[in-house]
Amino acid sequence: MSACALRVFLQRAAVTRKAAHQTFSQTRAFPQCVTGSYTHSRGINTLTNSLRAEEKVTVHFLNRDGKRISVKALTGESLLDIVVNNDLDILDIGACEGTLACSTCHLIFEEAVYKKLGRISDEEMDMLDLAYGLTDTSRLGCQVCLRKDLDGMILHVPDVISDARVDSEKESSTAPPKV
Amino acid sequence: MLTGVRGLSSSSGPRVCIVGGGPAGFYTAQQLLKARQDAAVDIYERLPVPFGLVRFGVAPDHPEVKNVINTFTQTAQHERCSFHGNVNVGKDVTIDELRQAYHAVVLSYGAEGNRSMGIPGEDLPGVFSAKDFVGWYNGLPSNKELHPDLSFETAVILGQGNVALDVARILLAPVEMLKETDITQNALEALAGSKVRRVLIVGRRGPLQIACTIKELREMVNLPNTRADMLPADFEGIAEALKDLPRPRKRLTELMMKAVKEGGDDKAEKCWGLRFFRSPVEVLAGADEKRAAGIRLALNKLEGSGESVRAEVTGQLEDVDCGLIISSIGYKSIPIDPAVPFDPRRAIVPNEMGRVQDTAGLYCSGWVKRGPTGVIATTMNDSFDTARVLIQDMEAGKLDLSVNKPGAQAITALLQTRGVRMVLFSQWEKINAEEEKRGKSLGKAREKLLDVDEMLKIRNVFISIFF
């Protein structure tokens, strides 16, 4: 198993443990990633999957600056896990650490790929509704787990609201929520 | 403007001061540290404890929203960042003194006031701002003596944003749902003995203008042992409007309509309802004239369309009997220091993309910059914007980095001569550990310390052990 995966797993397990101590209901939002005949939750699957070297799949992130980031990742990992575990240069993503309490891991899928994804829960849809630049093929990365049949998919990282941008383009149909 | 000649001061890079240790302050710091490997960032916070509304605003039953604290902790522990708690900027140290000690100062102190309803009877006992009520159950030291009287059957909340729904949910949630959270023990006990059974959440405009988001509404709909009590008349014409709505607004409206139709279990002990087209005009006192016993609402009609729909009075009035009135119509920033420009109408610091108007070297981020709306992620994006603008100004030479600035050294020396007892992050960690320990013995995530003096005592214990 790679040292990186082990380190990340231990770090995230430590964060999860510490956070779980303070936040007892945190686990309720972890996606159930079903691969083969077993179900496992985020964190554990990083360790067990890295032991199964044959399940690597390529994923391309089309970043906000137009650059493409390609990474080989393990099936079973959530797309947010992939960004975090591989330390990808995608900023400001995963503020709530994958617990369906924000929309910062918003990703836009190709239509054909989107149709293949698992069912979207009401809870995910509720948070997705708050995402800037929401599209019909949007999902939250923390709720989508990588599978073999998603090999080669391209994920578009959408822009976030930013007044510093000179050309403020598309107005989202979703106004930012008020507290 | 001199282009920064940093030869003399290259050993000490830009020094930035951030006023306010909540999400805006921490996210601004995070971005600055990342963008400049030579920047040192100091955060000053009025309370001994950090994290602002993440600690004092987010509802106790939303612990996952507080995960951002992990990121903030990492920022505070960064070698080029230092946190100074229990420092009241504006009183213990002035903005001018900070501007002298730092290359740039960022105001991220949020909105500690609240908008008032501006109606007669608002000051009667039994009327609270949501800010204070939330502060009470979340352990904000200045709200620990609130003692809201929960012995009345009906509570009326004015405002229909997420804060209003949080208050309604905390008032009606079964105690089992709350007893393992970080809600304060005295709030938990008060709620366990509460007689409140009916909560009305009142808004000026109609269902299509409701400001809350769907997650919070769904939590009300799913609340155990409660049923929804809506007025079908408030929803006239709404079904027809559904098809033209964007998806988020459509789903939110559909959920409300489902609640109107289904209502819920008639045997449920408690109920909650949304009331639309109603504005408060007077708080009515009881027969003894000593406390609130009801609220008088004016009925509105809507004029205009789309985003600019307005409520206009019809002249009709409606009285609602209630013993608890909570006004949740918005937080409000206040001026921190006479040296800082302030727009009293919008209640923000006037700025252009985070650069404070007419004041070089002064910036702002978060609610004090944009107004008190938005979730944590909104503030995150906004803070990153301010940080980027500040970095741009550094690189364009708009801030003179060639001048050596003493930073925290000078300010902490000044504070010491003034008898201010600062709390460093490592000392907060001691307070944090104590809160977790006390919580554990009560079966809770934590038991917050409510008293600034007690927090400072814990900090002192830490000092005396190690020095």
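1. B:Arg218 and A:Asp122 are joined by a salt bridge (a side-chain nitrogen of Lys or Arg within 4 Å of a carboxyl oxygen of Asp or Glu), and their closest N and O atoms are 3.5 Å apart. B:Arg218 belongs to helix α9 (residues 214-221) of chain B and A:Asp122 to helix α5 (residues 122-128) of chain A, so this pair joins two chains; helices here are DSSP runs of H or I with at least four residues, strands are runs of E with at least two, and both are numbered from the N terminus. B:Arg218 is buried at a relative accessible area of 14%, whereas A:Asp122 is partly exposed at 39%; buried means under 20% relative accessible area, exposed over 50%, and partly exposed in between, with a 1.4 Å probe and protein chains only.

2. This is a predicted model, in which local features need pLDDT of at least 70 and side-chain atom pairs count only at pLDDT 80 or more, while totals for chains, interfaces and linings use all residues. Residues are numbered from 1 along each chain as its sequence is written, chains are lettered from A and ligands numbered from 1 in the order in which they are written, and side-chain values use heavy atoms, with hydrogens and water left out.

3. A salt bridge also links A:Asp126 to B:Arg251, at 3.1 Å from N to O, and this pair crosses from helix α5 of chain A to helix α11 (residues 247-262) of chain B. A:Asp126 is buried, with a relative accessible area of 4%, and B:Arg251 is buried as well, at 12%.

4. The residues of both pairs belong to a network of salt bridges that links A:Asp122, A:Asp126, A:Asp129, B:Arg218, B:Arg247 and B:Arg251. Over all chains, the structure holds 46 salt bridges.

5. Within chain A, A:Asp149 forms a salt bridge with A:Arg147, where the closest N and O atoms are 2.9 Å apart. A:Asp149 is partly exposed at 39% relative accessible area, and A:Arg147 is partly exposed at 27%.

6. In chain B, 3 strands form an open antiparallel sheet in the order β11-β12-β13, where two strands count as paired if DSSP finds at least two bridges between them. The edge strands, β11 (278-285) and β13 (310-321), each pair on one side only. Strand β11 is joined by 7 bridges to the antiparallel strand β12 (residues 292-303) of chain B, and B:Arg278 stands opposite B:Leu299 in β12.
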